[in-house]
Amino acid sequence: MSGFEFCFTAGKVEWQALRQKSMENDLWIFLAILLGLTAVVLPTMAFYYRCRACGSLAHGFKSYKLANFETGEAFFVCRRCGDRTVKGKVESDGSVA
Ligand SMILES: [Zn+2]
């Protein structure tokens, strides 16, 4: 192996290691962005879908879904205070519009 070849091989290995490292960095940046988005989006969603009666932020995530087939209305029922939010109409086939 000549000196030039050795340099070339070493450079290639280094470059590959560097590329792998930067890919790992990209992954961390991606994860950080994802985490940041989650940290922003989740409270916003929780606030937006909060229970209007008691202000429970878990309402949007943990509320019961209830359908009254007599009136044809679908509800979100708050787990904390039992407040019903009309969500829509139940179609005859059982789907909520
Ligand atoms: Zn409530």
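Here is a short walk through this protein chain, one selection at a time.

**Before you start.** This is a predicted model, where local features need pLDDT of at least 70, side-chain atom pairs count only at pLDDT 80 or more, and totals for chains, interfaces and linings use all residues. Residues are numbered from 1 along each chain as its sequence is written.

**The whole chain.** Show the cartoon and you will find 2 helices and 3 strands; helices (H or I, at least four residues) and strands (E, at least two) are DSSP runs, numbered from the N terminus. Starting from the N terminus, follow the order α-α-β-β-β. Buried residues, those with 20 or more other C-beta atoms within 10 Å of their own (C-beta atoms being placed from the backbone), make up 7% of the 97 residues.

Next, select 64-68, 73-77 and 84-89, which are strand 1, strand 2 and strand 3. They form an open sheet in the order 1-2-3, with antiparallel pairing; two strands pair if DSSP finds at least two bridges between them. Strands 1 and 3 stand at the edges with a single partner strand each, so one side of each has no neighbour in the sheet.

**Across the strands.** Zoom in on strand 2. It pairs with strand 1 over 5 bridges, and with strand 3 over 5 bridges. Pick F76: this residue is the bridge partner of K65, and in strand 3 its bridge partner is T85.

**The turn.** Which residue in the turn between strand 2 and strand 3 has a positive phi? Select G82, whose phi is about 80 degrees; the two strands form a hairpin with 6 residues between them.

Notes
A residue is buried if 20 or more other C-beta atoms lie within 10 Å of its own, exposed if 12 or fewer, and partly exposed in between; C-beta atoms are placed from the backbone.
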